[in-house]
Every structure is written in structure tokens, then in C-alpha cells.
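Here is a short briefing to read alongside the model. Please keep the 3D view open as you go through the points.

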Amino acid sequence: DMAAAVATPRADLKWVEGAIPGVKTAVVQGDTATGASHFYLSYAPGLVTPVHHHSPDHYVTTVSGSLVLVVDGKEHRLAPGSYFGLTGKARHAARCEGSEACVMFIDARGPWDVVPEKKP
């Protein structure tokens with residue numbers, strides 16, 4: 001049994017611009033490219049994502065901002081401290097409303113990807 005502790009103060013987060021403008025990530029544990037990871041995801045104010053899915057099951061806590069998650073045509077308004085889980089490659093879209101960035105903390109159970117959904 002290997003005990004381990006990981007502690008990352010907010011000031012030490014290393015934010016990296018994503019492939020999509022307005023999206024940034026800060027990984028705190030694991031490697032998003034190769035396996036399970038824990039990371040922060042930030043959407044710039046006003047960002048709207050197209051419908052997409054992620055291969056790994058993932059569990060999310062909202063940290064700041066006003067996030068609207070859209071699943072199966074239903075809007076879920078998620079204030080800071082809210083939770084959502086997306087499993088089985090659930091299709092979803094999201095938008096960041098208001099003037100503050102939407103920051104989420106993500107527990108991803110496998111390599112992270114973003115897979116756009118084909119237009120019907």
C-alpha cells in the first residue's frame with residue numbers, strides 16, 4: 001500500500017491553452033493523454049461548445065462562473081459547487097454565461113479527448 005499526498009495551491013496551477021480558443025486546462029494529477037487524471041477546465045465568458053462527447057467516464061464539480069450544461073436538449077444551470085457526471089460517452093454541449101470564466105474540476109477515468117458529434 002503506497003500512501004501518497006498531492007497538494008496544489010491555486011497559485012501553483014499551470015494553465016495551458018487548449019486546441020479550442022477560450023478553453024484552458026490545468027492538470028493536477030495524472031496524464032490526460034495516457035490515462036486517468038484530475039484537472040481544472042476553464043471556459044472563457046461567453047464560450048459555447050458544439051455537441052460533443054468524451055471517451056472516458058468523468059465526474060465534474062463546478063468551481064466558478066455560471067455554466068449551462070445541455071444534455072438531451074435539457075439545460076442544466078450549474079452554479080459554483082454543482083456536480084455532474086457524464087458516462088458512456090454521453091453527448092452534451094455547454095456554455096459559459098455572464099462575465100466570469102466557468103471553471104470546473106474534472107475527475108476523468110481514462111485518457112481525455114473531445115469528440116465532436118456528427119451533424120445529423
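A charge sits over a ring if NZ of Lys or CZ of Arg is within 6 Å of the ring centre and within 35 degrees of the ring normal. By that rule, the charged end of Lys 24 sits over the ring of Trp 15, 5.9 Å from its centre. This is a predicted model, in which local features need pLDDT of at least 70 and side-chain atom pairs count only at pLDDT 80 or more, while totals for chains, interfaces and linings use all residues. Residues are numbered from 1 along each chain as its sequence is written, and side-chain values use heavy atoms, with hydrogens and water left out.

**Aromatic pairs**

- Rings of Phe, Tyr and Trp (its six-membered ring) pair if their centres lie within 6.5 Å; planes under 30 degrees apart count as stacked, over 60 as edge-to-face and the rest as tilted.
- The count by this rule comes to 3 aromatic pairs.
- One of them joins Phe 39 and Trp 112, edge-to-face, at 5.1 Å centre to centre with 70° between the planes.
- Phe 39 belongs to strand 3 and Trp 112 to the loop between strand 10 and strand 11 (115–116), so this pair ties together parts that are 73 residues apart in sequence.
- Phe 39 and Trp 112 are both buried (under 20% relative accessible area, with exposed over 50% and partly exposed in between, using a 1.4 Å probe and protein chains only).
- Tyr 40 and Phe 105 also pair edge-to-face, with 4.9 Å centre to centre and 65° between the planes.
- Because Tyr 40 lies in strand 3 and Phe 105 in strand 10, that pair ties together parts that are 65 residues apart in sequence.
- Phe 105 is partly exposed, at a relative accessible area of 24%.

- Strands (E, at least two residues) are DSSP runs numbered from the N terminus, as are helices (H or I, at least four), and two strands pair if DSSP finds at least two bridges between them.
- Strand 2 (residues 23–30) runs antiparallel to strand 3, joined by 7 bridges, and the two form a hairpin with 6 residues between them.
- Thr 25 is placed opposite Leu 41 in strand 3.
- Strand 10 pairs with strand 3 in the antiparallel sense over 7 bridges, and Ser 42 stands opposite Val 103 in strand 10.

**The nonpolar core**

- A nonpolar core is a set of buried Ala, Val, Leu, Ile, Met, Phe, Trp, Tyr and Cys residues joined through side-chain atoms within 4.5 Å.
- The largest one has 19 residues, and those with the most contacts inside it include Phe 39, Tyr 43, Leu 67 and Met 104.
- Strand 3 (37–43), strand 6, strand 8 (83–86), strand 9 and strand 10 (102–108) each give two or more residues to this core, with strand 10 giving the most, 4 residues.
- Beyond its neighbours within four places in sequence, Tyr 43 is in contact (heavy atoms within 4.5 Å) with residues including Leu 67, Cys 102 and Met 104.

- An open sheet is formed by 3 antiparallel strands in the order 7-6-9.
- Strand 7 (74–78) and strand 9 (93–97) stand at the edges with a single partner strand each, so one side of each is left without a neighbour in the sheet.
- Strand 6 (residues 66–71) and strand 7 are joined by 5 bridges, and Val 71 has Lys 74 as its bridge partner in strand 7.
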